[in-house]
Amino acid sequence: MLKILHREEAMVDEERLQSEANRILPYVGELSLIAKATGYDAPEASLQLPYDESIRTQVKGLAKELGKHIEVIVVIGIGGSNLGTMAMYQALRGVQDSLTRNWPKLLFLDTLSGQNLEDISSYLINLQDTTSFAVISISKSGGTAETMANTQALYNKLQIAYGDVSDRFIVVTGDGSKLWNRAKELNMYRLTIPEKVGGRYSIFSAVGLLPLALSGADIDAMHRGAREVIEICTINDIEKNPALYSAIVTYLHAQDGKNIHNSFFFDPRMELTGKWYRQLMGESIGKQYSVFGEELRAGVTPIVSTGSTDLHSMAQLYFGGPRDKITNIVYGPFNDVRLQGDEFSGLVQDLPGKTFNDVMSAILGGTMEAYTKNKMPFLAIELEDYTEASLSGYLQFRMCEMMCLAQLFDVNAFDQPNVEDYKSETRRLLRNIE
Ligand code: PA5
């Protein structure tokens, strides 16, 4: 279970904290009821996913049908349809997964890149065996241009090489979408996403569970980790509820002009989790209008940093530049590699004989000290480990936090009306191309 430490370093006034908490405590009570309900009726219905055993059963059944010989799974999807899976996969496997012999592997196609398509399709064709791969095409709406284009292009190439490959394709989409109907005609496997569960809140539906289960991740542990966090993130008490606390800290600093939110992860495997959070915060809070129809232009800009890498690139800006950021320093246990010999470590005072844990703990401690000395607000969030349960707990904590944050800003956490602007222009331009 994650812990939020260093509360005094958040630098918020207790009275304001309590007053904002009182304002949204009734909403937190609603979240608790929604999580315990079934039927996926409320906008916050994603809270019901970790309690839904039927999704896990369906996913496991399908994984069994697809067979044990799968080497690679291609995930086609974009935004909410792939960011959660990418985040979880990278956090579990690490950034050097392509060098390891851990199989099966996940490969991703999101934006249109001829090079990515060529590399992935050639790899699948070289396997010379359709049972060695599966392709999952994920789109809630079933009509996203990039996802349909990638699915079409890969389907074509594989059909040419192998003949009919429909039984290696699985579609995850909204029930009755155009994609659902087409997949049905082609006899492809199909799984649904509950209507009220939007892309950026969908990691614990088939969207995330299917590819991750096929890659060997423990999806029971994922749901368990998320459930444990929902239990604490729906408590009506700011002292015990980390999502409520973190949301109010972010909100109060944004009100005071610190409206850049820096997720500072002290492990490179968390970088894509930062990208997932960018979408969660960007699309949930960035709104022109409030739920009451007033023009607000609300938003907190999420950025991602990796410790210690970005201390060598961004620290000058963070410490010397404008005081416009609230930082969340997130860390877990460090690796215990011990430095033997002193050919190179001897060039740095006190380095010989130390472990990676010693060095990274010192850098982490030093960074927090520097934030404190410079009176720069931060929350320190400690992860117990990097297992499926803990990582899922982290993602669930962030989703609960975002629901509370939207409530504080009086914006709708679940829509993205302005994204439509570029989509309709794109459709118009596509129409004009012969
Ligand atoms: O959060 C969102 O709604 C978006 O990021 C979508 O997930 C993204 O545009 C992909 O949409 P779809 O799943 O319908 O293909």
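The legends below describe close-up views of a predicted model of a protein chain with a ligand.

**View 1. The two domains of the protein chain.** The chain is divided into domain 1, which is made up of residues 2-33 + 237-415, and domain 2, which covers residues 45-217. The C-alpha centres of domain 1 and domain 2 lie 30 Å apart, and where the domains meet, 28 residues of domain 1 are in contact with 20 residues of domain 2.

**View 2. The residues around the ligand.** There are 14 residues around the ligand, and those that come nearest are Ser81, Ser139, Ser141, Thr144 and Gln279.

**View 3. Polar side-chain atoms facing oxygen atoms of the ligand.** Ser139 places a polar side-chain atom 2.7 Å from an oxygen atom of the ligand, and a polar side-chain atom of Ser141 likewise lies 2.7 Å from a ligand oxygen atom. For Glu283, too, the distance from a polar side-chain atom to an oxygen atom of the ligand is 2.7 Å. The ligand taken alone exposes 380 Å², and the protein buries 89% of that area.

Note on methods: Residues numbered from 1 in each chain as written. Predicted model: local features only at pLDDT ≥ 70, side-chain atom pairs only at ≥ 80, totals over all residues. Heavy atoms only, no water. Near = heavy atom within 4 Å. Polar contact = N/O pair within 3.5 Å; in protein donor to acceptor, adjacent residues only side chain to side chain. Areas by Shrake-Rupley, 256 points an atom, 1.4 Å probe, with all protein chains shown as cover. Domains from an automatic or database assignment. Contact = heavy atoms within 4.5 Å.
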